[in-house]
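Subject: Structure for your review

Dear colleague,

Please find the structure below, followed by a short account of what was found in it.

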Amino acid sequence: EAGSDFGEEVDYTITGIDAGAGVTASTEEVLEAYDLEDWSLQTSSGAAMTQALGDAFDNEEPIIVTGWNPHWKFAEYDLKYLEDTQGTFGEGEDIQTFARQGLEEDHPEAFEVLDNFYWEGENMNEVMLNINEGADEEEAARDWVDANEDMVSEWTNGLDAVDGEEIELVYVAWDSEIASTNVVAQVLEDLGYDVTITPLEAPYMFQSVAAGDADGMVAAWLPITHEHLLEDFEDDIVSLGVNLEGAQTGLVVPEYVDIDSIEDLK
Ligand code: PBE
């Protein structure tokens with residue numbers, strides 16, 4: 001059976017990312033839902049996962065990872081999502097923006113930028129690919145903002161410059177969120193803000209916005225991935241809507257392995 005060979009080859013281990021990620025929780029649900037009791041999910045970090053993926057491709061070895069798009073790995077490697085017949089990962093998600101209560105009154109221009117921020121997966125990919133090729137995160141965001149003045153001006157249209165007021169954005173150090181958060185930070189800096197971006201684990205990202213310690217974040221994946229975090233904090237955060245459509249999470253393998261569906265892991 002293809003699945004049991006594959007399972008043995010990867011030691012029945014899915015290479016995961018951080019324990020607090022939504023895709024980690026979804027994958028634990030998948031192991032239950034598909035009766036994959038022989039399998040385990042090994043948590044680490046987004047960076048460790050992409051390192052393991054790169055090592056596997058170097059040697060054309062089998063691997064299975066928790067994956068998502070937008071992500072540069074789909075441009076770098078020939079990858080496929082395993083078919084999710086039970087729909088545990090959902091049928092696509094949006095990335096959404098949230099602000100702290102009171103931000104609109106305290107910093108209306110920053111609130112407006114966060115509210116207006118909207119881009120496409122291909123835009124995010126440009127920043128991610130640049131960083132993956134070695135660019136500094138802040139510089140990659142700077143370059144993207146400079147090269148996309150038309151889109152950026154839609155986010156800042158009609159807003160007055162401010163004078164060094166402080167704004168703190170929180171995010172999790174996933175490649176996708178490193179890209180978006182750095183871009184928004186550059187745009188706010190250009191408007192005159194003094195911006196700090198702080199990487200946290202996902203639950204603390206939501207919590208700090210809810211507590212008013214941070215001003216906002218552009219990193220909520222909904223309706224599935226961060227559903228449990230939204231439930232915990234939705235009464236204390238301000239929803240500013242979708243900033244990117246067509247995101248997805250799932251289990252991802254190289255094209256060169258001969259399984260196609262989560263069912264094949266049995
Ligand atoms: N991700 C990227 C995150 C959201 C953004 C899919 C790794 C998660 O699983 O929580």
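This is a predicted model: local features need pLDDT of at least 70, side-chain atom pairs count only at pLDDT 80 or more; totals for chains, interfaces and linings use all residues.

Residues are numbered from 1 along each chain as its sequence is written, and side-chain values use heavy atoms, with hydrogens and water left out.

Domain 1 comprises 2–89 + 249–265 and domain 2 comprises 93–247, with bounds from an automatic or database domain assignment. Their C-alpha centres are 28 Å apart. At the interface, 18 residues of domain 1 contact 21 residues of domain 2 (heavy atoms within 4.5 Å). The two domains bury about 1500 Å² between them, 60% of it on carbon and sulfur atoms; this is the accessible area (1.4 Å probe) lost on being put together, summed over both parts.

The ligand is surrounded by residues including Trp 68, Trp 174, Glu 177 and Trp 221 (a heavy atom within 4 Å). An oxygen atom of the ligand lies 2.6 Å from a backbone N or O atom of Gly 22. For Val 23, a polar backbone atom is 2.8 Å from a ligand oxygen atom. His 226 places a polar side-chain atom 2.7 Å from an oxygen atom of the ligand.

Yours sincerely

Notes: A polar contact is a pair of N or O atoms within 3.5 Å; within protein, one must be able to donate a hydrogen and the other to accept it, and residues adjacent in sequence count only if both atoms are side-chain atoms.
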